[in-house]
Amino acid sequence: MTLLDKDGVRLTVDDAIATVTLANAAKRNAQSPAMWRALAEAGSLLPGNVRVVVVRGEGKSFSAGLDRQAFTPEGFEGEPSFLDLARGSDAELDAAIAGYQEAFTWWRRPDLVSVAAVQGHAIGAGFQLALACDLRVCAQDAQFAMRETSLGLVPDLTGTHPLVALVGYARALEICVTGRFVYADEAERTGLANLVVPAGELDGAVADLAAALTAAPRDAVIETKALLAGAVSRPYEEQRAAERAAQARRLRDLAGLGE
């Protein structure tokens, strides 16, 4: 079932699994403010029974990053150019960037597990979209790069937090400041990629993972995700207490004693 198909974004749902497809292969799925609004809308349209969301790109690349037209004086038709935004007040500029970030924030909702299926280039905004997901499955030709700093900018589409969490501060700094490519073998070795497979096996591997993610009871998955997501920021004793509280809820539910 197709719920959305506009501005280079297509959302389809098959029972508990939703697929968000970047559908502008002619431009290697380069991103624009219109695409970001469509990605945010896709998140708002998910039916309540969806448990897993896969994001993929049509064609040879996952996403080549921000469409360079954004940096031209005319920008995109019907949109303020980035040069126009730069001339606005601090509050206006902050609000505009916060709006763009909405395309990247919903992928880690507590009730979902999100998976990025990455082939070819995942550059800049494309890298950050992959980082916005809980998990990443990559084809052997996947190439990540964070090019914003090389262009005189910074990564601002929510990618810095998960990048540091996955690979550590020092490696994250080096990746961002040099703008170099991170190839699939390094991505798997450093924890950026959960799995690397031959390009022809990417869709099958993602389908197998999605099926495995929906095999466990939904409430147990939600509780487990919440425990793991909070583990880094909680002290050890607080994490132990969180485990006990979560398990108590699960046991009561299993015994039919939940609220």
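Three strands form an open sheet with mixed pairing, in the order β6-β8-β9. This is a predicted model. Another open sheet has seven strands, again with mixed pairing. The largest nonpolar core holds 51 residues. A second, separate core has 14 residues.

- The edge strands here are β6 (121-123) and β9 (182-183), and each of them pairs on one side only.
- Strand β8 covers residues 143-145. Three bridges tie β8 to β6, and the two strands run parallel.
- Isoleucine 123 has alanine 145 of β8 standing opposite.
- Helix α4 (residues 125-132) lies across both β6 and β8. The angle between α4 and β6 is about 95°.

**The seven-stranded sheet**

- The strand order is β1-β2-β3-β4-β5-β7-β10.
- At the edges are β1 and β10 (195-197), each pairing on one side only.
- From one strand to the next, the twist averages 15°.
- Strand β1 (residues 2-6) pairs with strand β2 (residues 9-14) in the antiparallel sense. Four bridges make up this pairing.
- Threonine 2 has threonine 12, in β2, as its bridge partner.
- Two residues lie between the strands in the hairpin of β1 and β2. In that hairpin, aspartate 7 takes a positive phi near 50°.
- Strand β3 (residues 17-22) runs parallel to strand β4 (residues 52-57), joined by six bridges.
- Within this pair, valine 20 stands opposite valine 55 in β4.
- Helix α1 (residues 33-44) lies across β1, β2 and β3. Its direction is at about 170° to β1.

**The nonpolar cores**

- In soluble globular proteins, nonpolar side chains tend to be buried together.
- In the largest core, the residues with the most contacts inside it are Val20, Leu39, Val53, Trp107, Val118, Phe144 and Leu163.
- Helix α4 supplies the largest share of this core, with six residues.
- The second core is separate and includes Val52, Val137, Ala205 and Leu213.
- Tryptophan 107 touches Val20, Leu39, Val53, Val55 and Leu129, among others. Its contacts also include Ser114, Ala132, Cys133, Asp134 and Lys225. Residues up to four places away in sequence are not counted for tryptophan 107.

**Helix pair α5 and α6**

- Helix α5 spans residues 160-167, and helix α6 spans residues 169-178.
- The axes of α5 and α6 come within 7 Å and cross at roughly 125°. That angle makes α5 oblique to α6.
- The crossing of α5 and α6 is right-handed.
- From α5, Leu163, Val164 and Val167 take part in the contact. They meet Tyr169, Arg171, Ala172 and Cys176 of α6.

**Helix pair α9 and α10**

- Helix α9 (residues 218-231) packs with helix α10 (residues 236-254) at an angle of about 175°. Their axes are 10 Å apart.
- That makes α9 roughly antiparallel to α10, because angles over 145 degrees count that way.
- On the α9 side, the contact is made by Asp219, Ala220, Glu223, Leu227, Gly230 and Ala231.
- On the α10 side, the contact is made by Gln239, Ala242, Glu243, Ala246, Arg249 and Arg250.

**Loop residues to look at**

- Aspartate 15 sits in the loop between β2 and β3. It has a positive phi of about 60° although it is not a glycine. At 58% relative accessibility, aspartate 15 counts as exposed, because the cut-off is over 50%.
- Asparagine 29 lies in the loop between β3 and α1. It too is not a glycine, yet it has a positive phi, of about 55°. Asparagine 29 has a relative accessible area of 0%, so it is buried.
- Serine 61 is in the loop between β4 and α2 (82-86). With a relative accessible area of 2%, serine 61 is buried, because that falls under 20%.
- Serine 61 touches Arg28, Asn29, Gln119, Gly120 and His121. Residues up to four places away in sequence are left out of this list for serine 61.

Conventions:
Residues numbered from 1 in each chain as written. Predicted model: local features only at pLDDT ≥ 70, side-chain atom pairs only at ≥ 80, totals over all residues. Heavy atoms only, no water. Pairing = 2+ DSSP bridges. Contact = heavy atoms within 4.5 Å. Axes fitted to C-alpha atoms, helices over the stretch in contact; angles between N-to-C directions. Core = buried A, V, L, I, M, F, W, Y, C linked by side-chain atoms within 4.5 Å. Buried < 20%, exposed > 50% of the residue type's maximum accessible area, 1.4 Å probe, protein only. Parallel < 35°, antiparallel > 145°, perpendicular 65-115°, else oblique. Left-handed = near helix turned anticlockwise from the far one by under 90°.
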